[in-house]
Amino acid sequence: MSKEPEKQWNGKSRGGRFGYLFFIYSIRFLGIRFAYAILAFIVVYFIAFAPKATAAIWRYNRRIRRLGRCRSAAELYRHYYVFGQTLIDRLAFRGGLADRYRFEFDNYGRFLEIIDSAGGVVMIGAHTGCWEAGAGFFGKYGKKINIVMFDDEHSGIKEAVDDNASTAGDYKIIAVNRDPLEAMLSMKIALNNGEYLCFNGDRWIDEKSTAGRIFMGYAARFPSGPFLLAAKCRVPVVFYYAMRESGRRYRFIFREAEACGDSVRLMEEYTASLEDIAKRYPCQWFNFYDFWDYNKQTI
């Protein structure tokens, strides 16, 4: 593989405090549409000045999506623009503007049945769409959500967003990059208390804790941890995606895993579901680094 993902992505958001504050105040005083309009110009900057990310998405369009050069160039711009829209939407949700959007659900009834059960639940998503779009719809369940993540955002960005948010998420954060032993204990306690652990299953930190899969035609690696934990604890597993659609609409997709006691089959189910999502929403693949080993089509 060209480079290990942790060398490409370090858990920090691109852009600084000023950029976030600019969009926060643009949304507040000039509206979401104005923020989208400004974004159209800012995208050009990132295409030029984020060369590694631009090259990775170019290869994604050419090798994975098999697009021609002209179409790949157009889709490169669109990819960055859609990503920027989801970031603006995230700020809008935090600013109490969720009523400006429409929301639709797939398999929501079954999802509620699962999380209403007595035991804990593992939810596995990906860096696609905007998972925070669904935060307001968890309602009373929000206090039982524990998001397991690599938490290394710049403090200035965190402060800018938190200080200007009119709504705060009820969910808790379990940071795996601070004290791994404490994080594991927190996860176990949460499941024992019938709470929910939320992972993103498409990024990893340590290659030793990964497994190879053929994903969308080429070899890629996925973190083993979420699947091993879910299988060992024998709790229900749900794959969750919040995908942006046209007309400021989000679709929440919930898929129940069948092989809850088998980590290998769980990963197979997850990668199959993620491949379906990536094909349906190709410009919402937000891993801006060389995710695939383009020299391998077998594992």
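1. Quick term first: helices here are DSSP runs of at least four residues, numbered from the N terminus. On that count, helix H2 covers residues 17–30 and supplies the largest share of the nonpolar patch, four residues. Keep in mind that this is a predicted model.

2. The patch itself is a surface one of about 500 Å², built from Phe22, Tyr25, Phe29, Leu30 and Phe34. Take Leu30, which sits in helix H2. Its relative accessible area is 54%, so Leu30 counts as exposed, the cut-off being over 50%.

3. On confidence, the mean pLDDT of the protein is 87, with 87% of its residues at 70 or more. Helix H10 (residues 263–280) has the highest value, 98, while helix H1 (residues 5–8) has the lowest, a mean of 41. Residues 1–11 are below 50 in pLDDT, and the model gives this stretch 26 contacts beyond near neighbours in sequence.

4. Now have a look at strand S7 (residues 218–223), which is mostly covered, with five of its six residues buried. Strand S6 (residues 210–215) pairs with S7 in the antiparallel sense, over six bridges. Within that pairing, Gly212 has Arg221 of S7 as its bridge partner.

5. How many residues lie between S6 and S7 in their hairpin? Two, and Met216 in the turn has a positive phi of about 55 degrees.

6. S7 is also joined to strand S10 (residues 292–293), by two bridges and again antiparallel. Here Ala220 stands opposite Trp292 of S10.

Note on methods: Residues are numbered from 1 along each chain as its sequence is written. This is a predicted model: local features need pLDDT of at least 70, side-chain atom pairs count only at pLDDT 80 or more; totals for chains, interfaces and linings use all residues. Side-chain values use heavy atoms; hydrogens and water are left out. Patches are made of residues with over 30% relative accessible area and no salt bridge: like charges are joined within 9 Å, nonpolar side chains (Val, Leu, Ile, Met, Phe, Trp, Tyr) within 5 Å. Accessible areas come from the Shrake-Rupley method with a 1.4 Å probe; for residues, only the protein chains shown count as cover. A salt bridge is a side-chain nitrogen of Lys or Arg within 4 Å of a carboxyl oxygen of Asp or Glu. Buried means under 20% relative accessible area, exposed over 50%, partly exposed in between (1.4 Å probe, protein chains only). pLDDT is the predictor's confidence in each residue, from 0 to 100. Contact means heavy atoms within 4.5 Å. Two strands pair if DSSP finds at least two bridges between them.
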